[in-house]
Amino acid sequence: MADWAPIAKEYDPLKAGSIDGTDEEPHDRAIWRAMLARYVPNKGVTGDPHLTLFVARLNLQTTEDKLKEVFSRYGDIRKVRLVRDLVTGFSKGYAFVEYKEERALLKAHRDANRLVIDQHEIFVDFELERTLKGWIPRRLGGGFGGKKESGQLRFGGRDRPFRKPINLPNVKNDFYGEGSSEKRNWSREGTREWRTRDREHERGRDKRWGERERPWAWGDSDRERESREEKGRGRDRKDRDRRDKDRDRSREREPKKQRDDDKHR
């Protein structure tokens, strides 16, 4: 806990995928990809990495001139590089701004974060590709930050710093003699005493299990009673139908009998 810090000093994909940096197993496939990746920073990038800012979440319509106009408020700019797609030439939504002085860099890092440019709230941080050891970019499962909807959150950066781990005290169990410093005397009497406790514990457990099983027994009797009642209702329904049929037959017979009597008269 003494060397804990909310911002990562060295990039580790496994720790970056943990909210407090204490995970021991990766919880998503992107972390596996980042752990297996062998990333080498782009050697074609020029300039001083310690005087460069990373600017993200830009409006795709934002241009280099607009960025230069906004970030020149904090000091003299040496270069602005807006990252574009090699095929289409469209902006990818992030850029790098290099300053001439460290004072201007620190001021822009402090004040330009969450600034609104072209209706977009931007994110500003130091360049990490060439300054943070072990850096893995976002496209390979690394990076910092992320959105909850994507299910790929990374911690340890300015956007989502680590949370301080919660250390639970080690609770010792006196039942096994861990809480007392005295040594146990494993005599026959002590063994008998332990056996007696074990038997009492087993009896109590059987009793508890018996109490737990009672509701199930009651539930079974309820089901049986319901089935018997259902069967009784079925029998009553059949008897009622039979009586109705007999009544209908008797009504049909009465007019016929009356006609036969009239003939004989």
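Colleague: Contact means heavy atoms within 4.5 Å; among contacts between residues at least 6 apart in sequence, what share joins residues at least 24 apart?

Modeller: Welcome! This is a predicted model, where local features need pLDDT of at least 70, side-chain atom pairs count only at pLDDT 80 or more, and totals for chains, interfaces and linings use all residues. For contacts between residues at least 6 apart in the protein, the share joining residues at least 24 apart is 60%.

Colleague: In what order do the elements run from the N terminus?

Modeller: The protein has 5 helices and 6 strands (DSSP runs numbered from the N terminus: H or I, at least four residues, for helices; E, at least two, for strands). From the N terminus on, their order is α-α-β-α-β-β-α-β-β-β-α.

Colleague: Leu36: buried or exposed?

Modeller: Leu36 belongs to helix 2, residues 29-36. Buried means under 20% relative accessible area, exposed over 50% and partly exposed in between, with a 1.4 Å probe and protein chains only. Leu36 has 64% relative accessibility, so Leu36 counts as exposed.

Colleague: And what share of the residues counts as buried?

Modeller: The protein has 265 residues. By that cut-off of under 20%, the buried share is 28%.

Note on methods
Residues are numbered from 1 along each chain as its sequence is written. Side-chain values use heavy atoms; hydrogens and water are left out. Contact means heavy atoms within 4.5 Å.
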